[in-house]
Amino acid sequence: MALVSLSEVKTALGIVTASAEQDVFLNRMIDLADQTAREYTGRHFSSAQFVEIWYAPAKVTTREYPIISVDAVDSDGTTIAPGSLRLDARRGRLWRPDGDAMNWAGTDKLTVTYTAGYATIPAPIQEWCFLLIDTKWRAWASSRGLASGGNQVSAIKNPAGSGVNYATLAGIGGTPADLPNYIAGAPPSAPD
């Protein structure tokens with residue numbers, strides 16, 4: 001699951017419709033946001049299942065958190081019922097079932113299968129994604145002679161380089177299909 005969906009990005013950026021090329025670009029930016037978040041934080045935010053193995057652990061803190069569920073636990077070949085563990089799900093900490101201590105001393109190999117991440121991505125993380133994607137979207141649209149914005153196009157650059165602003169392409173009496181001709185200097189078609 002991505003941190004944000006294509007429809008959420010379009011809503012956040014005020015994009016009513018987009019071409020297939022624009023959708024491809026936005027999907028690439030969604031993937032970039034996911035990858036950047038993972039690389040910067042070292043964490044996966046979307047929920048997924050993970051398996052971790054510790055050798056002679058003193059304390060056990062999972063790499064991924066928050067923990068949604070502990071699915072299986074094996075301590076030196078013995079299965080431990082996941083429900084018998086004490087768990088700090090928010091921080092990814094596991095305690096032995098036989099006491100309050102987080103100490104796993106005496107365990108040679110501990111294997112834990114768990115599901116972690118967010119079933120619903122928190123709003124601040126999504127907002128960060130929207131900001132990153134918006135910055136990339138504006139640069140991409142500008143490089144194609146378009147200003148990013150709501151319905152279709154909000155500005156068209158003429159060949160001389162100055163901007164001619166319109167609320168939408170329909171504001172000049174054309175349709176999105178007319179945009180390449182307009183940029184090339186041909187007049188847009190008359191609206192029906």
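**Close-up views of salt bridges and nonpolar cores**

**View 1. Arg 91 is partly exposed, with a relative accessibility of 37%.** Partly exposed lies between buried, under 20% relative accessible area, and exposed, over 50% (1.4 Å probe, protein chains only). The model is predicted, so local features need pLDDT of at least 70 and side-chain atom pairs count only at pLDDT 80 or more, while totals for chains, interfaces and linings use all residues. Residues are numbered from 1 along each chain as its sequence is written, and side-chain values use heavy atoms, with hydrogens and water left out. Arg 91 forms a salt bridge with Asp 88, at 3.3 Å from N to O. A salt bridge is a side-chain nitrogen of Lys or Arg within 4 Å of a carboxyl oxygen of Asp or Glu. Asp 88 is buried, at 15% relative accessible area. Three salt bridges are found in the whole structure.

**View 2. A salt bridge joins Asp 23 and Lys 10.** The closest N and O atoms of Asp 23 and Lys 10 are 2.8 Å apart. Because Asp 23 lies in helix H2 (residues 20-41) and Lys 10 in helix H1 (residues 6-13), the pair ties together parts that are 13 residues apart in sequence. Helices are DSSP runs (H or I, at least four residues), numbered from the N terminus. Lys 10 counts as buried, with 17% relative accessibility. Side chains of opposite charge can pair when their charged atoms come close.

View 3. Asp 134 is buried, with a relative accessible area of 19%, whereas Arg 138 is partly exposed at 47%.

**View 4. The largest nonpolar core has 20 residues.** A nonpolar core is a set of buried Ala, Val, Leu, Ile, Met, Phe, Trp, Tyr and Cys residues joined through side-chain atoms within 4.5 Å. Members that touch the most other members include Val 9, Leu 26 and Trp 137. H1, H2 and H3 are the elements that give two or more residues to this core. H3 supplies the largest share, seven residues.

**View 5. Leu 3 touches residues including Ala 33, Phe 45 and Ile 121.** Contact means heavy atoms within 4.5 Å, and residues up to four places away in sequence are not counted for Leu 3.
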